[in-house]
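Have the viewer open beside you as you read.

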Amino acid sequence: MKNCERFTELLSDYAENTLASAEKRELDVHLEQCSECRSAADGVVSLRRNFRRLSTIQASPDFETILRTRIKLDRRAQIAPIWNLRYLAPQRLAAYSAAAVVVMSCVFYFWQRQPARALPSASSTIAVSQMQLAPNSILPSVSPAKILYTLDQVTPQLWPNFGALRKSPERVSSTPNDSSRTGSASRPAATPVSHQPITF
Amino acid sequence: MAEPLQTFDNKISDEDLIEKFQRGDLYAYELIVKRYKDQLLNFVYRFLGNHEEAEDVVQETFLRVYRKRHAYQRVAKFSTWIYTIAGNLARTELRRRNRRRIFSLSNLGVEDKEYEISDDILSPERHTNTVLSEEIIQREINKLSPKFREVIILRDIQELSYEEISKIIRVPIGTVKSRVNRARLRLQGRLKHLLDKNK
């Protein structure tokens, strides 16, 4: 019957006796005519009755004892000290090591990429040259040209101003070797330079 | 002397008990366990169909209540809260069991599979002349999908209201009613021969 689908939706309410009176009358009429729906309605009512007869499952006698033990263990686990051995489990140690390697790599990478802000300025080079030229200096005698040469070797990429320094016409050179020096391959002569201060 | 204390224990509401427990009263927690252990065990056992697993899930439920006691707020009924915890844990257990079953089936040979899958170990025909067996009902409940199984247990065995079920499983009341109706129709169809005998 075409109404069967609609009426089967009402069977639960019918079995629970919660149908509105108009709907109940309508369903009663349908059930008198439709044996299939009547059988389903009887089945649902009987099913509920059988559910109520099911025995109650009882917890085992030691249920509460086991629960108390579990709670005690759980509390102990939660207040475990930081030096608890579980923090030193092999998996955790491997994770700590991996994290340390990553952090160290990042630090090294960014340290290498840093610009030459922290390097000594050109004026400090001048100061060194002046110190070297001061009378009775306790510093070893090193020529400014040698200092400049060393910086050129070590940090040419970190100190871009150094190229300009080398090409400065005001830099004083006492030997012909200084003027003929090209790039980092040719070494300057270790002879002392004049006492004239370098300016930029 | 014990009787007045028992009367007092029965009168105090679940919500008052959990509040006492939140303030550190462990006796209140014990009363909660006493009140709910069998109810929850019935619900979880009917849902999982295994007593040991059910007891384990109920233990875990009470452990969660102990740990998360401060998460409960009085805006909801305590029973709704504890049934929600138990239901979630039971569903998790069911999923875990299904994964184990799939794994063990995939490890069996073809001949073993034929043995394992045959479903008529407990044939309904063998029971037609006996009273309606609880095992048969339980088996038929277990054949329902979890979403139908859960609502019919909560409604027809635990006898909770549609509103409370709706809050526990977090679906609208209309959906709960529809699921209960469909579950009942399916079960009455499968258990027809037994229900007719037991009228």
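How many of the 199 residues of chain B count as buried? The share is 31% of the 199 residues, where buried asks for 20 or more other C-beta atoms within 10 Å of a residue's own, exposed for 12 or fewer, and partly exposed for anything in between, with C-beta atoms placed from the backbone.

## Before you start

This is a predicted model, in which local features need pLDDT of at least 70 and side-chain atom pairs count only at pLDDT 80 or more, while totals for chains, interfaces and linings use all residues. Residues are numbered from 1 along each chain as its sequence is written, and chains are lettered from A and ligands numbered from 1 in the order in which they are written.

Among contacts in chain B with a separation of 6 or more, 61% join residues 24 or more positions apart. A contact here is a pair of residues whose C-beta atoms, placed from the backbone, lie within 7 Å.

The largest nonpolar core holds 57 residues, and B:Ile32, B:Val44, B:Val58, B:Ile82 and B:Ala86 touch the most other members. Such a core is a set of buried Ala, Val, Leu, Ile, Met, Phe, Trp, Tyr and Cys residues joined through C-beta atoms within 7 Å. Helix 3 (residues 26-48) of chain B gives the most to this core, with 12 residues. Leaving aside neighbours within four places in sequence, B:Ile82 contacts B:Tyr36, B:Thr61 and B:Val65.

## Helices 3 and 4 of chain B

The axes of helix 3 and helix 4 of chain B come within 8 Å and cross at roughly 140 degrees. Axes are lines fitted to C-alpha atoms, for helices over the stretch in contact, and angles run from 0 to 180 degrees between N-to-C directions. The two helices are therefore oblique to each other; angles under 35 degrees count as roughly parallel, over 145 as roughly antiparallel, 65 to 115 as roughly perpendicular and the rest as oblique.

The residues of this contact divide into 12 nonpolar, 2 polar and 3 charged. Ala, Val, Leu, Ile, Met, Phe, Trp, Tyr, Cys and Pro count as nonpolar, Asp, Glu, Lys and Arg as charged, and the others, Gly among them, as polar.

## Where the chains meet

The contact between the chains takes 26 residues from chain A and 29 residues from chain B. On the side of chain A, helix 2 (11-16), helix 4 (35-53) and helix 5 (63-78) each give two or more residues, and helix 4 of chain A gives the most, with 8 residues.

Helix 5 of chain A packs on helix 4 (residues 51-67) of chain B at an angle of about 45 degrees, with axes 10 Å apart, and that makes the pair oblique.

Most residues other than glycine have a negative phi. A:Asn17 has a positive phi of about 60 degrees, and A:Asn17 is exposed, with 8 other C-beta atoms within 10 Å. Phi of B:Glu159 is near 55 degrees; this residue lies in the loop between helix 8 (146-157) and helix 9 (162-169) of chain B.

How values were computed: Two residues are in contact if their C-beta atoms, placed from the backbone, lie within 7 Å. Helices (H or I, at least four residues) and strands (E, at least two) are DSSP runs, numbered from the N terminus.
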